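Here is a short briefing on selected sites in one protein model. Look at the structure first, then read the notes.

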Amino acid sequence: MASRAAVPFLVAMMLLTGVCNTLLTKYQSHLLTAVCQDNQCVRNCDRGSGKRPALFEQPVLQTAQMFIGEMGCWLVVGLMSLYRRFASRPSPAERGYQAVHTDDVADAQVDERDGQPKPDVNAPSVLRGFRVLLLALPAICDICGTTLMNAGLLLVAASIYQMTRGALVLFVGLFSVLFLRRHLRLFQWLSLVGVVLGVAVVGLAGAIWPDEKKVSEHGTDEADGGLSDAARAIIGVLLIAGAQIFTATQFVLEEWMLENSPIEPVRVVGWEGLFGFVVTLAGMVVMHLAVGRTDAGRYGYFDMVEGLRQMTQKRIWVSSVLIMISIGGFNFFGLSVTRSVSATSRSTIDTCRTLFIWIVSLGLGWESFKTLQIVGFAMLVYSTFVFNGIVQPPLRSLRTAEEVEELLPEEPIEHQ
């Protein structure tokens, strides 16, 4: 459990790593997309070849690389263990001293090596022993949510993607009330609605004054010849909306597990990365054998051989490494915020990174200024601050002092 003073740092780092991850994806194509390497030509890129260029569109493979980034947290765990082993001071027992057992309870709660409080090993834990396999559940939710969002974004514009994804905070709030027995006050529900409306206004501005081109720089029409624009939009919105249900379930599961286990967030990310990668890899192999190697599935989403060949291209693998590093950090800091505050607060705070991405994109010339987006971002930030108790709601009757759920809790959550 992070201290009160550490929570703003965790929030800032969650936003920073999240912004870096999204900006790295945008850098791939200089277009307003949120999928890792979309709009990168990977085959038939010579305009004089007479063949239609093929773009990098591998949502399943992109999900796998996300879990590889999360697995990188085990490297951090190993380095921390080596540091504690070789760089920390020897314990009094190692220097030949014997403890005077005047307070056995206090001695049991302090680590012998570095003198820091350690978790109560006798406390009930939902993740003890083989029950750590429960972390496969949020990992599977992550697989479903990320893959559906990646696939949905291939069918709709980034502005529509943003508006649909804004529904996440409502799902997280609803699931927290239903499954975690949280009690959200009226002003908090209104704040969640305000967050969704703010995101919707930002996306609406992008839809009215789009920055994206219908035709890519390689001269290819982005539309799928087999679907009309209306069908693509409907399918894409349904995929992205469904993804928010899986993501909300993931957030709520993680909060429940962190509240009922002393496990460190960095280990949670590592375990989720391991389980998620194993499940994704197994699914990729099965789908490759069933679909990818057939004539109809060749060069498609489930052609594992073609996807790996595309990943070897320099622009793709360099950006992939950077994205994996940023996604590992983003998930670690996000889980730390979940443990210190709540899953609902995490979702509202994460939504605000859209503002920082927009500011940087303006500076880099990737987006044009739209006055309507200022209104949307103002609604988004204000509603987030109100929900987390940073500013007072406009109507004092909406809340009382006893009902406020602060962003920075006064006392750490005790593991029962």
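The notes below cover a helix residue, a loop residue and a helix pair.

This is a predicted model: local features need pLDDT of at least 70, side-chain atom pairs count only at pLDDT 80 or more, and totals for chains, interfaces and linings use all residues. Residues are numbered from 1 along each chain as its sequence is written, and side-chain values use heavy atoms, leaving out hydrogens and water.

**Thr280**
- Thr280 sits in helix α10, residues 265-292 (helices are DSSP runs of H or I, at least four residues, numbered from the N terminus).
- Thr280 is buried, at 6% relative accessible area (buried means under 20%, exposed over 50%, partly exposed in between, with a 1.4 Å probe and protein chains only).
- Leaving aside residues up to four places away in sequence, Thr280 touches Val60, Thr63, Ala64, Phe67 and Ile143 (contact means heavy atoms within 4.5 Å).
- Ile140 lies 140 residues from Thr280 along the chain, yet their C-alpha atoms are separated by 8.7 Å.

**Arg181**
- Arg181 belongs to the loop between α7 (168-179) and α8 (186-208).
- Arg181 is not a glycine, but has a positive phi of about 60°.
- Arg181 counts as exposed, with 66% relative accessibility.

**Helices α9 and α13**
- In α9, Phe251, Val252, Glu254 and Glu255 meet Ala343, Arg346 and Ser347 of α13.
- The residues of this contact divide into 3 nonpolar, 1 polar and 3 charged (Ala, Val, Leu, Ile, Met, Phe, Trp, Tyr, Cys and Pro count as nonpolar, Asp, Glu, Lys and Arg as charged, and the others, Gly among them, as polar).

Notes: Helix = DSSP H or I, 4+ residues; strand = E, 2+ residues; numbered from the N terminus.
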